[in-house]
Amino acid sequence: MSIVLLRIMLALLATSVITPKSNGENEQWCIADEQTPDDELQAAMDWACGNGADCSKIQMNQPCYYPNTTRDHASYAFNSYFQKFKNKGGSCYFKGAAVITELDPSHNPCRYEFIP
């Protein structure tokens, strides 16, 4: 009886170690690096918006316009590009202007996209 119990315990332990992480633990967003100067963020944001990022929500009167800063707008554009292309070889680099975060940068009413 104790051998059966030991095998069950080992099986449970093994599955807990190799079980994939639960939803939410692998979520990643791409945001502007706080140390990057605004002119570099602007250039990288212009590139992202011109190469597939959806930058419509950072336009005036749209949900992600405020706060109206280069850093906030760049973060939205970088993440839009990253989510769209990460599964096709795209990265969150932007010449060193961006970083990965596991904290959702969304704020009301601005929702940052996440694509698994």
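Author: A disulfide here is a pair of cysteine sulfur atoms within 2.5 Å. Before we dig in, this is a predicted model, where local features need pLDDT of at least 70, side-chain atom pairs count only at pLDDT 80 or more, and totals for chains, interfaces and linings use all residues. Residues are numbered from 1 along each chain as its sequence is written, and side-chain values use heavy atoms, leaving out hydrogens and water.

By that rule you get 3 disulfides. Counting bonded cysteines along the chain, they follow the pattern 1-5, 2-3, 4-6.

Take Cys 49 and Cys 55: their sulfur atoms are 2.0 Å apart, and with -95° about the S-S bond the link is left-handed. Cys 49 is partly exposed at a relative accessible area of 29%, while Cys 55 is buried at 9% (buried is under 20% relative accessible area, exposed over 50%, partly exposed in between, with a 1.4 Å probe and protein chains only).

Next, Cys 30 and Cys 92 also form a disulfide, with 2.0 Å between the sulfurs. The torsion here is 85°, a right-handed link. Cys 30 sits in strand β1 (residues 29–32) and Cys 92 in the loop between α3 (70–85) and β2 (98–101), so the bond ties together parts 62 residues apart in sequence. Helices (H or I, at least four residues) and strands (E, at least two) are DSSP runs, numbered from the N terminus. Cys 30 and Cys 92 are both buried.

Finally, Cys 64 is joined to Cys 110, S to S 1.9 Å. Its torsion is about 100°, so this disulfide is right-handed. Cys 64 lies in the loop between α2 (38–50) and α3, and Cys 110 in the segment after β2, so parts 46 residues apart in sequence are tied together. Cys 64 and Cys 110 are both buried.
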